[in-house]
Amino acid sequence: MNIRNILFLACFVFFQSSCNFFINPENVPLLPLMKEGNYYDITINGIHFGGSRSWIERWDIIKKSYDYRGLKVLDLGCFLGFNSICIKKYRGAQSVTGVDYQSLDQAKILAQAFETDVNFIFANFDDDNIDYEALLGFDYDIVFCMSLFHWVHNKDRFLAYLSKFNKIIFEGHQPAEVEIERFKKLGYQSKILGTSYTGVHQMTEKGRTIILFYK
Ligand SMILES: C[S@@+](CC[C@H](N)C(=O)[O-])C[C@H]1O[C@@H](n2cnc3c(N)ncnc32)[C@H](O)[C@@H]1O
């Protein structure tokens, strides 16, 4: 093997390991069945779960963007909870609460597999009787609202809730200028953190900008 091949192999191994999440091998059977066609594309312990959005790409943006150590984090529309789990396990958040109106069973199993504790709450932001304060409170240092706003029907009420927080990490379906304008009206400044793409195999597909809104 010549030096070029060795270098190539080293880069390949580094790239593979940097795209991989490792959990205790004994916990691998706990991983829920994540089939092709899933939302997240992720590799755990070398097992590749295919999906339409690269989790590592988004995680790379999120993890570098903020110092989460010691913070109380709220993850709205948490889905499988990867964000909640990774912030708690790898970024030292004091506590993380993930909220969604889909079953949180898989998210709970994943948190167990990653040996971390996340508080998962079932809630529908379009429930007419939702009492945000009673259910979720406002005692969070930073809130994630990623690829959720588009799906919430009662946008005014949801925005009124969101605007109680000083720091929001947001990913919308609209171009960055539109989202920035929306939050500017609510008194927020903004910082673009990065862009992630839908369709891992077609990087030309529409990108979504991840933005920190802060007061
Ligand atoms: C596209 S996924 C985004 C998941 C995650 N935030 C991310 O960016 O990786 C949208 C999530 O929002 C949740 N969701 C949509 N409408 C909701 C509502 N009215 N109340 C609570 N959760 C909702 C969905 O169940 C889904 O898990």
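The questions and answers below look at how parts of this predicted model are described and on what grounds.

Q: How many helices and strands does the protein have, and what share of its residues is buried?
A: The protein has 7 helices and 11 strands, and buried residues make up 29% of its 215 residues.

Q: What makes Phe125 count as buried or exposed?
A: Phe125 has 23 other C-beta atoms within 10 Å, and a residue is buried if that number is 20 or more, so Phe125 is buried. Phe125 belongs to the loop that runs between strand 7 (119-122) and helix 5 (132-135).

Q: Which residues is Phe125 in contact with, leaving aside its neighbours within four places in sequence?
A: With those neighbours left aside, Phe125 is in contact with Ile130, Val152 and Phe158. Between Phe125 and Gly77, which are 48 residues apart in sequence, the C-alpha to C-alpha distance is 9.2 Å.

Q: How do you know that the buried residues of helix 2 are on the same side?
A: In helix 2 (residues 55-65), the buried residues are Trp55, Arg58, Trp59 and Ile62. Around the axis they cover an arc of only 100°, and therefore they lie on the same side of helix 2.

Q: What do the buried residues of helix 2 pack against?
A: They pack against strand 2 (38-44), strand 4 (51-54), helix 3 (82-91), strand 9 (167-171) and strand 10 (189-197).

Q: Why are helix 2 and helix 3 called oblique to each other?
A: Two packed helices are described by the angle between their axes and the distance between the axes. Helix 2 and helix 3 pack at an angle of about 50°, with their axes 11 Å apart; because an angle under 35 degrees would count as roughly parallel and one of 65 to 115 as roughly perpendicular, helix 2 and helix 3 are oblique. Helix 2 passes helix 3 in a right-handed crossing.

Q: Which residues meet where helix 2 and helix 3 are in contact?
A: From helix 2, Trp55, Trp59, Ile62 and Lys63 meet Phe82, Asn83, Cys86, Tyr90 and Arg91 of helix 3. By class, this contact has 6 nonpolar, 1 polar and 2 charged residues.

Note on methods. Residues are numbered from 1 along each chain as its sequence is written. This is a predicted model: local features need pLDDT of at least 70, side-chain atom pairs count only at pLDDT 80 or more; totals for chains, interfaces and linings use all residues. A residue is buried if 20 or more other C-beta atoms lie within 10 Å of its own, exposed if 12 or fewer, and partly exposed in between; C-beta atoms are placed from the backbone. Helices (H or I, at least four residues) and strands (E, at least two) are DSSP runs, numbered from the N terminus. The arc is that of the directions from the helix axis to the C-beta atoms. Two residues are in contact if their C-beta atoms, placed from the backbone, lie within 7 Å. Axes are lines fitted to C-alpha atoms, for helices over the stretch in contact, and angles run from 0 to 180 degrees between N-to-C directions. Angles under 35 degrees count as roughly parallel, over 145 as roughly antiparallel, 65 to 115 as roughly perpendicular and the rest as oblique. A crossing is left-handed if the near helix is turned anticlockwise from the far one by less than a right angle, and right-handed if clockwise. Ala, Val, Leu, Ile, Met, Phe, Trp, Tyr, Cys and Pro count as nonpolar, Asp, Glu, Lys and Arg as charged, and the others, Gly among them, as polar.
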